[in-house]
Amino acid sequence: MDPDPDPCPVLRRDDRRGGGIAPSANGEAIGTDLDALAAAVPERAGGLRRRDLSSWARGDAGHWSPGVAASYPYEDDDLTIVVDDLIHVCSAEPGMGEVLQRRRLAASEGARPVEVAGHPAVIGESPERGAELRAWINDRCAVRVSAFAPLAVVRSVADAIDWAALAAACPAHAE
């Protein structure tokens, strides 16, 4: 038996299916408070001022998951924060965050496990992808903070996220 069953099979099938939005893994009636997700993303972080903030609902422009994204100018590039509510494309079962953390560690050379506000996360950097922190909140939402910047800059921006508000906006799924 697979010790890590795939908690996000819809995402894995993307290259084998046609266009459109796959049926929700947990039911279309489950909503996402995009305003609450956006409110958790800071206007200022790590000495940087947010340039823009956008959000999308499930189905908007082909997005399978609702979410928010913010960018912060950093030197000649942007640092980004992306929060995706995975409730429609993943199982959201207890332990899903740890499974995704282990998979990310196995797929990312130089990444190391960390914990962010009590949630599983991975942090690392590579010449190809820059610095990145990924966290999984309440086995439901995925957060990515990334940039071609020093890891300390990415971490300082991640530290400015309102993790308690994000956890409230991404409640654990109860069937």
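This is a predicted model: local features need pLDDT of at least 70, side-chain atom pairs count only at pLDDT 80 or more; totals for chains, interfaces and linings use all residues.
A disulfide here is a pair of cysteine sulfur atoms within 2.5 Å. Number the bonded cysteines of the protein chain in sequence order and the pairing reads 1-2, 3-4.

**Cys8 and Cys90**

- The S-S torsion for Cys8 and Cys90 comes out at about 105°, so this disulfide is right-handed.
- Cys8 belongs to the segment before helix 1 (9-12), while Cys90 is in the loop between strand 5 (77-85) and helix 3 (96-107), so the bond ties together parts that are 82 residues apart in sequence.
- As for accessibility, Cys8 is buried and Cys90 is buried too.

**Cys141 and Cys170**

- The other bond joins Cys141 to Cys170, with an S to S distance of 2.1 Å.
- Its torsion about the S-S bond is about -90°, so the Cys141 and Cys170 disulfide is left-handed.
- Cys141 is part of strand 9 (residues 141-147) and Cys170 falls in the segment after helix 5 (163-169), so this pair links parts that are 29 residues apart in sequence.
- Both of these cysteines, Cys141 and Cys170, are buried.

**Handedness, side by side**

- Cys8 and Cys90 form the right-handed disulfide, whereas the one between Cys141 and Cys170 is left-handed.

Notes
Residues are numbered from 1 along each chain as its sequence is written. Side-chain values use heavy atoms; hydrogens and water are left out. Helices (H or I, at least four residues) and strands (E, at least two) are DSSP runs, numbered from the N terminus. Buried means under 20% relative accessible area, exposed over 50%, partly exposed in between (1.4 Å probe, protein chains only).
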